[in-house]
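I opened the notebook to record a few look-ups, pair by pair. The entries follow in the order in which I made them.

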Amino acid sequence: MGIAMAEYRYPRGSVLYRNFHKFFPLIRSGRGVFLYDVDGKKYLDASGGAAVVNIGHGSKEIAAALSRQAGKTGYVSGVQFTHEPVERLAAQVASFLPFPAGKVFFLTSGSEAIEASVKLARQHWVENGRPDKHRVISLQPSYHGNTLAALSLSARRHYQETFRPLLIRSARIPAPYCYRCPWGRTPPDCGVKCAHELEKAIRRIGREKVSAFIGEVIGGSSTGASVPPPEYWEVVRRICDRNEVLLIVDEVMTGAGRTGKWLACHHYGLEPDIVVMGKGLTSGYFPLSAVAAKASLLEPIFKRGKNFLHAQTFAHHPVGCAAGLATLDLIVRRRLILACAHSGEKLLAELGRLLDHPHVGDVRGRGLLIGVEFVADKRKKTPFPRSKQYAERFVAKALERGLILWPNVGQADGTNGDLVMIAPPFTISDREIVLVRKRLEETLRDMEKVI
Ligand SMILES: Cc1ncc(COP(=O)(O)O)c(C=O)c1O
């Protein structure tokens with residue numbers, strides 16, 4: 001086709017681009033961990049998009065499953081009918097939930113599923129005769145999505161600023177972001193002070209008003225894949241139980257195997273009340289998310305003769321559920337969660353070599369969810385000033401070298417802070433792991449020339 005890449009840039013064409021100030025390469029195809037643009041450039045997708053592409057690009061099996069289902073029923077309303085893909089996918093998801101007999105509700109995006117989870121928690125309390133319980137406590141930093149309630153719970157100042165008058169009131173406690181512990185403590189001797197902050201926050205608000213606590217079990221891009229200490233979630237669970245507060249875990253990024261287990265909960269033996277998933281559930285072949293709840297949570301709603309008060313046109317979408325089934329089937333048949341755990345260890349060790357660089361402050365993660373945090377001063381952990389746009393420029397330089405990364409900024413103090421996420425498909429080979437490290441080293445050298 002030979003279209004110059006610079007054409008795909010705002011305000012040309014009719015697409016309202018996700019960024020008004022850069023051009024977008026036009027991607028033609030993908031295979032495994034690689035994407036190819038129309039000019040023949042090859043990119044190693046080291047972030048799986050936004051930590052979405054779990055099984056790799058260009059899967060013929062999933063394409064066939066989508067096509068087969070669309071040929072049978074492209075759509076039926078979840079209000080009027082049920083169908084085989086949703087019944088089978090719900091059973092499969094329920095089989096790896098951290099509680100028995102879970103019930104699963106499918107939507108299309110992580111943000112919607114987060115909103116639905118907060119509504120479900122609230123409705124549980126209302127039907128239980130506790131209508132005052134409505135407040136939700138979340139972590140700082142955190143990210144739960146971009147719709148208004150999900151954005152309210154997210155600690156992303158730069159996303160929220162413009163919309164502040166539209167956001168709902170939320171309360172936050174410090175995230176288990178050990179590299180930047182607010183009390184200067186280090187695990188394992190830190191006593192998980194950050195977890196105990198939950199009790200204080202509940203007391204401050206009044207336990208009679210708190211409906212739920214929500215957190216990412218292992219940090220997503222907000223904390224650059226920070227892994228909480230082993231006892232963190234046990235302490236949180238106990239505090240929630242003591243105060244009759246529901247525990248919602250956001251596994252939108254970590255679910256479907258990304259951390260080397262079906263859910264990050266399983267690393268901690270954690271039994272939450274609600275699990276939210278998205279992203280990798282279909283490896284991105286169709287937008288699909290899920291809210292899974294303990295059956296006991298639904299009991300009061302059922303007993304009062306009510307329904308879960310949430311409806312969206314594309315809930316339980318047959319093609320989405322078929323994509324989910326095909327993805328999970330491939331994960332099981334090819335033992336991709338085990339592959340993710342093994343490759344994750346190799347990748348983490350390989351990227352650990354970057355720590356020799358003066359501006360690489362930390363490399364951390366679990367499975368194939370890894371964060372690399374950049375600092376101006378390594379000893380003091382001082383971030384680069386935001387004006388330098390280090391993470392954005394790093395990602396742009398890496399892209400020039402054919403390496404796809406996912407940036408995040410502002411995590412250090414709400415404004416400053418730069419990190420990139422590495423979350424490649426579970427099918428990444430040892431050779432490709434080394435290639436990721438080499439391209440990152442080259443990009444670090446490129447940055448030295450401009451910073
Ligand atoms: C942890 C987490 N929760 C929720 C979301 C929101 O998901 P979506 O972008 O599909 O709405 C994201 C998206 O990045 C996420 O990383």
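**Salt bridges**

I looked up Asp 430 and found its side chain meeting that of Lys 346 in a salt bridge, at 3.2 Å from N to O. A salt bridge here is a side-chain nitrogen of Lys or Arg within 4 Å of a carboxyl oxygen of Asp or Glu. Asp 430 lies in helix α14 (residues 430–450) and Lys 346 in helix α12 (residues 336–352), so the pair ties together parts that are 84 residues apart in sequence. Helices (H or I, at least four residues) and strands (E, at least two) are DSSP runs, numbered from the N terminus.

I noted the basis of these values: this is a predicted model, in which local features need pLDDT of at least 70 and side-chain atom pairs count only at pLDDT 80 or more, while totals for chains, interfaces and linings use all residues. Residues are numbered from 1 along each chain as its sequence is written, and side-chain values use heavy atoms, with hydrogens and water left out.

Asp 430 is partly exposed at a relative accessible area of 44%, and Lys 346 is partly exposed at 41%. The cut-offs are under 20% relative accessible area for buried, over 50% for exposed, and partly exposed in between (1.4 Å probe, protein chains only).

How many salt bridges does the structure hold? I found 25 in the structure.

I went to Arg 386 next. Its side chain meets that of Asp 418 in a salt bridge of 2.9 Å, N to O. This pair links distant parts of the chain, 32 residues apart: Arg 386 is in the loop between β12 (369–374) and α13 (390–400), and Asp 418 is in strand β15 (residues 418–422). Are Arg 386 and Asp 418 buried or exposed? Both are buried.

**A network around Lys 294**

I found that salt bridges with shared partners join Arg 237, Asp 241, Glu 271, Asp 273 and Lys 294 into one network. Lys 294 lies in the loop between β10 (289–293) and α10 (295–303). At 15% relative accessibility, Lys 294 counts as buried. Leaving aside neighbours within four places in sequence, I listed the contacts of Lys 294 (heavy atoms within 4.5 Å): Phe 99, Arg 237, Glu 271, Pro 272 and Asp 273.

**Helix α7**

Lys 193 and Glu 197 both lie in α7, 4 residues apart, which is about one turn of the helix. Their side chains meet in a salt bridge of 3.9 Å, N to O. Lys 193 counts as partly exposed at 23% relative accessibility, whereas Glu 197 counts as buried at 14%.

I also looked up how α7 sits against α8. Which residues of α7 meet α8? Cys 194, Ala 195, His 196, Leu 198, Glu 199 and Ile 202 do, and on the α8 side they meet Tyr 232, Val 235, Val 236, Ile 239, Cys 240 and Arg 242.

**Far from the rest of the list**

I ended with Pro 11, in the segment before β1 (27–31). Pro 11 is exposed, with a relative accessible area of 63%. Pro 11 and Leu 139 are 128 residues apart in sequence and 37 Å apart in space, C-alpha to C-alpha.
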